[in-house]
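User: I'd like to learn how to read a few features off a structure. Could you walk me through one, starting with a contact between charged side chains?

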Amino acid sequence: MKSKFSKERRDVLKSLGIVAGAAALGTVGGSMKAFAAGGAGDYPQPPGSPKTHDTFVYNDGPNKGQDVKTADIVLDAPPISVQAKDSEDGEVRESEHSEVLLYRVNAETIPIEWRSDSAEGILAYSAICTKDATLIKPKDFDPASKQVICSTCKTQYDLINGAEVKGGPGTRALPQVPVHDHDGLLRISHGIIGWIGIKRR
């Protein structure tokens with residue numbers, strides 16, 4: 001099942017491509033999806049949300065509080081839960097809205113429309129369910145389907161295909177957090193693609 005949100009953002013992408021062209025996009029940076037889905041648009045994200053240039057720290061485990069290195073994310077392992085860290089003052093953003101799921105696959109298996117916002121096969125998404133705002137955890141991952149399933153509403157999100165909704169009551173994909181490698185650290189490259197939480201704010 002395709003999410004209505006994903007269809008809408010693709011429709012806008014097509015319009016932007018016709019009007020502006022790829023060359024114009026290159027002069028302002030980022031991907032068309034960021035403009036189409038509102039990551040840098042008119043709707044501000046909730047307080048404490050990740051921002052451009054943020055890095056990440058581990059939420060738990062033996063590396064809790066340490067910076068997330070690109071090379072440390074294991075291929076085809078369950079997603080890990082991390083939190084955004086302000087790159088200017090070094091402070092961790094202490095909010096559920098700053099929690100992100102990182103998932104690494106073979107980069108060639110990522111559809112081309114999502115690939116430019118990944119880093120060496122690492123995909124990053126908001127961990128907040130868009131249906132009921134439940135915080136999605138790594139334990140909610142189903143390895144057979146490569147989906148995370150909200151523990152409350154049971155919406156299923158396909159992590160390889162833009163976290164689109166594949167089942168359950170949800171209608172909107174998890175917002176994608178565009179990332180790139182910056183001197184060995186995983187870093188947010190530009191505005192979040194979508195609105196974190198239940199609705200556009």
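Analyst: A salt bridge here is a side-chain nitrogen of Lys or Arg within 4 Å of a carboxyl oxygen of Asp or Glu. In this predicted model, glutamate 99 and lysine 137 make one through their side chains, at 3.8 Å from N to O. That pair links distant parts of the chain: glutamate 99 sits in strand 3, lysine 137 in the loop between strand 4 and strand 5, and they are 38 residues apart. Helices (H or I, at least four residues) and strands (E, at least two) are DSSP runs, numbered from the N terminus.

User: What should I know about numbering, confidence and atoms before going on?

Analyst: Residues are numbered from 1 along each chain as its sequence is written, and side-chain values use heavy atoms, with hydrogens and water left out. Since this is a predicted model, local features need pLDDT of at least 70 and side-chain atom pairs count only at pLDDT 80 or more, while totals for chains, interfaces and linings use all residues.

User: Is glutamate 99 buried or exposed, and what about lysine 137?

Analyst: Go by relative accessible area: buried means under 20%, exposed over 50%, partly exposed in between (1.4 Å probe, protein chains only). Glutamate 99 comes out at 9%, so it counts as buried. Lysine 137, at 31%, counts as partly exposed.

User: How many salt bridges does a search of the whole structure find?

Analyst: Seven. One of them joins aspartate 67 to lysine 85, with the closest N and O atoms 2.7 Å apart. Aspartate 67 is in the loop between strand 1 and strand 2 (80–85) and lysine 85 is in strand 2, so the pair ties together parts that are 18 residues apart in sequence. Aspartate 67 is partly exposed at 29%, and lysine 85 is buried at 16%. Another pair is lysine 139 with aspartate 140, at 3.4 Å from N to O. Here lysine 139 is exposed at 67%, whereas aspartate 140 is buried at 10%. There's also a network of salt bridges linking Asp54, Asp86 and Arg93.

User: Which residues form an aromatic pair?

Analyst: Rings of Phe, Tyr and Trp (its six-membered ring) pair if their centres lie within 6.5 Å; planes under 30 degrees apart count as stacked, over 60 as edge-to-face and the rest as tilted. The search of the whole structure turns up one such pair. Tyrosine 103 and phenylalanine 141 form it, tilted, with 5.4 Å centre to centre and 50° between the planes. This one also links distant parts of the chain, with tyrosine 103 in strand 3 (residues 99–104) and phenylalanine 141 in strand 5 (residues 141–142), 38 residues apart. Tyrosine 103 is buried at 2%, and phenylalanine 141 is buried too, at 12%.

User: What does alanine 127 touch?

Analyst: Contact means heavy atoms within 4.5 Å. Leaving out residues up to four places away in sequence, alanine 127 touches Glu99, Val100, Leu101, Thr134, Leu135 and Ile136. Alanine 127 lies in the loop between strand 4 (122–126) and strand 5, and is buried, with a relative accessible area of 0%.

User: Now sheets. In what order do the strands of the open sheet run?

Analyst: Strands of a sheet pair through backbone hydrogen bonds, either parallel or antiparallel. Two strands pair if DSSP finds at least two bridges between them. In this model, four strands form an open sheet in the order 5-6-7-8, with antiparallel pairing. Strand 5 and strand 8 (164–167) are at the edges with a single partner strand each, so one side of each has no neighbour in the sheet. Strand 7 (residues 156–158) is joined to strand 8 by three bridges, and tyrosine 157 stands opposite valine 165 in strand 8.

User: And where is the hairpin?

Analyst: Strand 9 and strand 10 form it, with two residues between them. Strand 9 (residues 179–182) pairs with strand 10 (residues 185–188) in the antiparallel sense over four bridges. Aspartate 183 in the turn has a positive phi of about 55°.
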